[in-house]
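Let's walk through this model together, going from the meeting of two chains to the ligand. Have the viewer open and follow along.

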Amino acid sequence: MVEFREAIVTALDEELAANENVVFFGEDVAEPGGVFKATPGLRKKHGDRVFDTPISELALTGAAFGSAVTGLRPVIEIMFGDFMPLAMDSLVNQSAKYWFISNEQQSVPLVVRSAIGAGSRLGAVHSQTPVPWFLGVPGLKIVCPSTPNDARALLKAAIRDDNPVLFFEHKRLYSLKGEVDDDPVELGTARVMREGADLTIVSAMVGVHVALEAAEALARDGIEAEVIDLRTLRPLDHAAVAASLARTGHLLVVEEGPRTGGWSATVAAEIAEGSLHDIDDLWRLTTPDLPIPFSPALEDAFLPGAERLAAAVRSRLVSRSG
Amino acid sequence: MVDSGPADALLDMYRRMRLIRDFEELVQALFLKGEVPGTTHLCIGQEADAIGVASALGDEDRLAGTYRGHGVALALGVDPQALLDEMLGRATGVCGGRAGSMNVIDLSNRLIGCFGIVGGSIAAATGAALSLKRQGRGGVAVAFFGEGTINQGYFAECLNFAQVLSLPVLYLCENNRYGEFTPYEDVTAGEVLDRPRTLGIPAEQVDGMDVVAVRDVAEGAVGRARDGEGPQFVETLTYRFVGHSRADPGAYRKQGELEEWKLRDPLTVARARLVDELGVDAGEVDAVDREIGAQIDEMRSAGLEAPLPDPALLAEASEFKG
Ligand SMILES: Cc1ncc(C[n+]2csc(CCOP(=O)(O)OP(=O)(O)O)c2C)c(N)n1
């Protein structure tokens with residue numbers, strides 16, 4: 001069994017070893033080993049290809065871009081996803097555009113790792129999930145693993161990918177343990193985590209675990225939920241969702257993020273367009289359109305938890321069949 | 001107070017520093033007990049900056065702090081109980097438990113906010129200075145930030161912005177030598193003061209362990225900004241006696257450094273001046289310590305009994321005003 005954070009450092013270690021053009025830098029990542037202890041030992045092992053930077057997020061993404069189009073394969077860490085806005089210009093206006101507008105002269109092989117997500121009582125600007133901010137930017141891949149195995153395999157795939165990849169690590173997953181194998185995982189592929197005939201629940205990151213817990217509770221009531229982990233949020237594996245929906249007829253998309261503008265809305269829209277005749281029901285569970293509150297009393301109510309999810313499914317299925 | 005001679009004024013500053021110190025120790029103790037959720041960034045060791053600067057401010061002035069903001073909040077007169085209750089995530093917190101330790105806002109006490117994003121305080125104070133200048137009542141805005149922040153885009157952009165517009169703002173850089181776990185010199189080129197100076201902003205350094213020195217330098221700088229001389233810059237030489245935040249064993253500190261700085265604890269320095277130079281009876285200083293200690297004990301019980309916010313507010317609250 002391997003912890004999620006170990007899976008991260010292992011993937012980095014292996015890719016640094018495999019390709020000398022891979023470099024890794026960020027704030028407090030080298031000597032201190034990262035504020036989430038996800039990168040210890042890399043500096044010692046790989047020397048100056050791993051280094052600490054100033055608190056300069058735009059310089060980080062900008063230097064990653066410039067170095068990526070001239071021979072390196074940089075992996076950088078933006079400590080919290082909430083700091084992404086400071087780093088965004090280079091990602092959105094340089095990295096995401098370069099391959100297409102250069103008439104395909106050169107792609108931008110960089111990876112941005114970042115810790116994201118709520119539930120750790122860190123308040124409005126250390127808890128967000130930045131996916132919606134980037135979802136509408138063609139040219140960026142967005143990877144959101146939920147297990148240690150996927151974390152390792154997908155991070156390796158991201159580093160080997162020739163395109164800019166945002167790799168989001170949910171803070172509440174760092175201590176999660178799981179089995180790890182050596183099978184590669186392709187970016188852009190979803191995975192069925194649990195089979196069931198009555199409805200399909202689609203999520204990512206912590207949401208997958210919430211959905212699995214809810215599915216167990218629902219099974220006790222005779223409702224069998226299929227749970228799909230999207231794993232990559234851009235590009236989205238619509239085919240996997242559509243195939244499941246064709247069997248179950250009911251689709252619930254669970255997103256830790258605001259109701260408006262999230263990836264769950266994109267999934268819902270794509271499925272509605274492409275699989276209209278398979279749909280008996282389709283709905284979303286998200287967080288409210290509000291900043292994330294600090295107090296545990298508020299934050300717990302803010303996030304879609306397993307109990308709420310199961311209750312939502314029960315009442316929805318009853319109201320639809322009744 | 002009738003007589004505010006040097007002894008009374010210093011004893012008052014000592015009392016306010018003692019409040020910050022004891023407050024921070026209480027927060028730390030409650031954090032370790034799991035009562036303060038999330039994380040905390042304490043300013044133990046840096047109390048003289050907060051009190052020295054606040055002592056130079058008037059009713060029209062405004063201040064923006066950082067995630068390490070409990071000290072400036074208390075120095076500006078934020079109700080200590082409401083501040084503690086905020087840390088505890090209670091409805092009676094200064095922001096109703098919505099903000100938490102890193103993001104406290106209390107406009108009624110001249111605190112524009114504490115900003116969880118490194119550099120955010122600089123932007124907030126720069127904009128406040130724009131507003132204060134237009135109001136024409138002589139108000140000055142102060143930005144607190146650490147030396148690690150001078151590598152952030154906000155710093156370069158806002159200092160120039162303020163200088164070309166001749167804004168009444170004091171940039172107060174607390175140089176405690178480390179940004180999180182990384183020493184200044186590892187990630188920063190040149191000296192702090194050279195950066196404002198190259199823009200023509202008057203800049204000076206002060207002993208941040210001596211509250212009188214900080215107050216005097218701050219009075220001068222705030223006075224010049226008030227008189228229309230444009231932005232001012234002060235670097236305090238200080239030291240954080242505790243970890244950056246929750247999980248910090250302090251492995252990055254140079255050997256003996258902490259002990260050496262502790263000899264110049266701002267409370268020790270102020271006490272010595274009171275007793276040795278100003279002839280204040282040591283018993284009088286002890287009485288202050290006891291008084292604050294009793295206040296803290298009361299705050300602790302009241303805070304732990306304070307009500308939690310009602311999650312129903314999430315359904316009622318709006319992302320917009322009106
Ligand atoms: C934009 C941004 N980047 C990184 C962080 C994480 N972080 C919080 S405090 C800190 C160090 C800041 O150091 P300094 O400015 O010296 O202030 P100090 O904490 O020492 O008071 C870092 C990197 C952040 N909050 N915001």
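Keep in mind as you look that this is a predicted model. Between chain A and chain B there are eight residue pairs in polar contact, counting those where both residues reach pLDDT 80 or more. Salt bridges between chain A and chain B, by contrast, number zero.

How much area is buried between chain A and chain B? The figure is about 2,500 Å², and carbon and sulfur atoms give 68% of it. Within chain A, the residues that lose the most area to chain B are A:Ile55, A:Phe294 and A:Leu298, which together make up 25% of what that side buries.

Now turn to the ligand, which lies between chains A and B. It is surrounded by 22 residues, the closest being A:Glu57, B:Tyr67, B:Arg68, B:Gly148 and B:Thr149. This shell divides into eight nonpolar, nine polar and five charged residues.

Some individual distances are worth a look. An N or O atom in the side chain of B:Thr149 is 2.6 Å from an oxygen atom of the ligand, and a backbone N or O atom of B:Gly148 lies 2.8 Å from a ligand oxygen atom. On B:Glu180, a side-chain N or O atom is 3.1 Å from a nitrogen atom of the ligand. Of the 580 Å² of accessible area that the ligand has on its own, the protein covers 98%.

Terms used. Residues are numbered from 1 along each chain as its sequence is written. Chains are lettered from A and ligands numbered from 1 in the order in which they are written. This is a predicted model: local features need pLDDT of at least 70, side-chain atom pairs count only at pLDDT 80 or more; totals for chains, interfaces and linings use all residues. Side-chain values use heavy atoms; hydrogens and water are left out. Buried area is the accessible area (1.4 Å probe) that two parts lose on being put together, summed over both. A salt bridge is a side-chain nitrogen of Lys or Arg within 4 Å of a carboxyl oxygen of Asp or Glu. A polar contact is a pair of N or O atoms within 3.5 Å; within protein, one must be able to donate a hydrogen and the other to accept it, and residues adjacent in sequence count only if both atoms are side-chain atoms. A residue is near a molecule or strand if one of its heavy atoms lies within 4 Å of it. Accessible areas come from the Shrake-Rupley method with a 1.4 Å probe; for residues, only the protein chains shown count as cover. Ala, Val, Leu, Ile, Met, Phe, Trp, Tyr, Cys and Pro count as nonpolar, Asp, Glu, Lys and Arg as charged, and the others, Gly among them, as polar.
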